[in-house]
Structure formats: C-alpha cells, structure tokens
Amino acid sequence: MRILLFGGFLGSGKTTTILQIAKYITENKHETVALIENEIGEAGIDDKLLADSGLQVKPLFGGCVCCQITSDLITAVREINETIKPDWLIIEMTGVAIPGNIAKLINEYCNFYTGLKTITIVDMARWPELKEMLEPLVTSQLEKTDFVIINKVDIAGADREEIINDIKGFVSDVPIKVASAANQLPLAVIEEVIDFA
Amino acid sequence: MHKLTHKITRKPTPADTSLTDASIFSKTYHIIFEQPVAKASFEKYVERLIQAIGRPLAYNGIILGHIKILGKLSEEEFVFLSLTKLEQVDIKPSVQWINGLSNEINSIILDVNVLVFGYSKTVIEEVVNASFAVFHQGSMREFYQ
C-alpha cells in the first residue's frame, strides 16, 4: 500500500486535487484507492464531495482546532491496511496540520507501507496575507514535504511570479509545480505525484 | 433586497494570530421555505449568505481560514459552497443535485462550517446569526436541529 499524504492551509484546494489524483489512479492505472478525510468541524462536508465521485472515504472529525486527531488517524490507517488492503491510501489532513509531523508519526507507527509521499498544496491567491498573518503555520507546512503544488494560479494577481519565488524560498530541494486544480491539474503533475520510482 | 452586513470594530493583526487563535463554528440549520424555491435561486441566496458571513471576518478581502456551507437534500443530492476570497465563491453541485427529478426545493439542511484565525467562536457565531437573520427576512423560516 502506497500512501499519499496531502497537507496545506485551509481552503488551499486539497480536496479538489485529491479527487483528480484518485480518479486518475482508478481509471488509468486500474488500481484501488482508499481515502481518509481528516476534517475539523462537527459535521463532515469534504467527505461528501469525495464520496460523490464514487470513492470510498473514511471520515475523521475533530470538534476543535488543537486536536490533530492523530491517534484516530493511525488507527484508521492500520484498519484500512488490514481490511480493505487498497493499492493506494490517500490521506487529506486538516488545513492546520503540519505534513512533516504527520509523516513522522506514520513512519513510526504504520511502517507497513511500500511508499509514503507528502504533498503540500499552497494557495498562491492568498499567500501574501497568509504569510503576513500566519507565517509560522504556512511555512512549517512547507518543511519536510516531498512535493509542493502551488495552486490557484488562475486567480492569482499580477504579482504571481513574485509570489511563486517567495514560496520557493521556503521549500527545500523538492519538486515544485504551479497549477490550477480547479481547471484540472496537468497530467504530468498527477503522474509525478504518484511516481515512486 | 436587504444588504447582508455585520460590522466588527477590530480587525485581527499578526500579533493576534497563532495556531491557538483559530476558532471553529459548526452548526446545522433546517430551512423550510414557505413556497418552493428553484435550485438556482437557492444557490444565489446561499452565495450571498456565505459572502455576508465572510465579509466581516475577512482580512484584505481574504479569509484567514475557510468558510464552507453544504446545502443538503439527501446524502447524494447537495450543493457545496466554499469561500476563501470574498469576491470568489466556489460552488460545487453533486451529480444528483444537477440530475435530480425536481428543480425546486421545499426545505433543505444547511451545514455551516466556519474556521478562521483571529476571531473568537462567540464573534463568529454572532456574525453567522446576523447573516442568517437577514437571510431569513423574506419567505424563509429557520429551525435549529
């Protein structure tokens, strides 16, 4: 089972991205995908969007922001590995989670996987304000990640090159792609995300 | 037509916002219409509602978080609205919402999920309630679940 761990700030486009990647894996590679949807709030919303596309979704909810529901997440990963045994497990983290920290936990407690990759989605349309107000959070989401998608290039302003360069300054030596998930991710980006070679 | 506004006197500053300053407000509303409403009209209403909620919580026109509303007729028939920038509401209908037998609705469940930095849950709740109050001036009544 290969694990794709998606992180990124609230509303950055994680669910939209995941939908396209899961669809590509099932339709083009004919492999099975299970999804863990990790959402803050008392009522699940994102899991309904994913399930509407015919995907099997395990929702995990947390009523408060400080709760990262990590123990539930570890339990869910183990349960899916033992029962469903999918080819791929895609995990959508909450928008306040730090992907590197969650990956460390999975490494420690779920090391039965055959591949693990963390992907951070960055909302470039809100980057200047998010960086100004929440720099520790949004920059830590970029640390220790394996792949970065700078999303919403379609609605970014005229200063987009400047923003892209600024984001790149916080990323270590990993692939960085600029895209618009709302307008469909390029095939090359999807293939690179799922490439474990 | 009423303009949906709610004023907050103080905006968040970088000093206000840290990981612990994010607040979550989740609530489910049951809306009953006095007469059938076209799905397209309903989408317009909720688009205005989500912007009304977002406007007083925004910083430079962007939401330091995410506001989501799910309008649900059934588990399969729903419309999802998302707000991260004031001028841009993302609307995603489910397959069944588009292909459902009826184009009109008599009642609907609304799941409102607001997660923002820099405001307390009490303030968010005030904003949501004020936005709903104006939303319901017209032909709609609201019942809390």
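Two residues are taken to be in contact if their C-beta atoms, placed from the backbone, lie within 7 Å. By this criterion, residues 24 or more positions apart account for 76% of the contacts in chain B with a separation of 6 or more, and for 73% of the corresponding contacts in chain A. The complex described here is a predicted model, for which the predictor gives an ipTM of 0.86 and a pTM of 0.87.

Confidence was examined for each chain in turn. The mean pLDDT of chain A is 87, with 91% of its residues reaching 70 or more, whereas chain B averages a pLDDT of 84, with 79% of the residues scoring at least 70. Among the elements of chain A, the lowest mean pLDDT, 66, belongs to strand S3 (residues 56–62) of chain A, and the highest, 97, to H7(A). Over residues 63–67 of chain A the pLDDT is below 50, and this stretch has 8 contacts in the model beyond near neighbours in sequence. Among the elements of chain B, strand S6 (residues 140–144) of chain B has the lowest mean pLDDT, at 48, while strand S3 (residues 78–85) of chain B has the highest, at 96.

The secondary structure of chain A comprises 7 helices and 7 strands, and read from the N terminus on, these elements run β-α-β-α-β-α-β-α-β-α-β-α-β-α. The radius of gyration of chain A is 16 Å, close to the 16 Å that the globule rule gives for 197 residues, so chain A is as compact as a globular protein of that length. Taken along the principal axes, the box filled by the C-alpha atoms of chain A is roughly 50 × 40 × 30 Å. Of the 197 residues of chain A, 48% count as buried.

Attention then turned to individual residues in the loops of chain A. Most residues other than glycine have a negative phi. Lys152(A), however, has a phi near 70°, a positive value in a residue other than glycine, and lies in the loop between strand S6 (147–151) and helix H6 (160–168) of chain A. Lys152(A) is classed as buried because 28 other C-beta atoms lie within 10 Å, the threshold for that class being 20 or more. A positive phi, near 90°, is also found in Gln184(A), likewise a residue other than glycine, and the place of Gln184(A) is in the loop between strand S7 (176–178) and helix H7 (187–193) of chain A. Gln184(A) is exposed, since 12 other C-beta atoms are found within 10 Å and the exposed class takes in residues with 12 or fewer. Pro186(A) is placed in the loop between S7 and H7 of chain A, and with 13 other C-beta atoms within 10 Å Pro186(A) is partly exposed. Pro186(A) and Glu132(A) are 54 residues apart in sequence, and their C-alpha atoms are 30 Å apart in space.

Chain B, in turn, has 3 helices and 6 strands, which from the N terminus on run β-α-β-β-β-α-β-α-β. Buried residues make up 39% of the 145 residues in chain B. One of the residues of chain B that is buried is Ile31(B), with 22 other C-beta atoms within 10 Å; Ile31(B) is found in strand S1 (residues 22–38) of chain B. From Ile31(B) to Val127(B) the separation is 96 residues in sequence and 18 Å in space, C-alpha to C-alpha.

Val127(B) also takes part in a helix packing within chain B. Two packed helices are described by the angle between their axes and the distance between the axes. Helix H1 (residues 39–54) of chain B and helix H3 (residues 121–135) of chain B pack at an angle of about 145°, and their axes are 9 Å apart; the crossing of H1(B) and H3(B) is right-handed. On the side of H1(B), the contact is made by Tyr45(B), Leu49(B), Ala52(B) and Ile53(B), and on the side of H3(B) by Val127(B), Val128(B), Ser131(B), Val134(B) and Phe135(B). The residues of the contact of H1(B) with H3(B) divide into 8 nonpolar, 1 polar and no charged.

Conventions
Residues numbered from 1 in each chain as written. Chains lettered and ligands numbered in written order. Predicted model: local features only at pLDDT ≥ 70, side-chain atom pairs only at ≥ 80, totals over all residues. Helix = DSSP H or I, 4+ residues; strand = E, 2+ residues; numbered from the N terminus. Rg over C-alpha atoms; globule rule 2.2 N^0.38 Å. pLDDT = per-residue confidence, 0-100. Axes fitted to C-alpha atoms, helices over the stretch in contact; angles between N-to-C directions. Left-handed = near helix turned anticlockwise from the far one by under 90°. Nonpolar A, V, L, I, M, F, W, Y, C, P; charged D, E, K, R; others polar.
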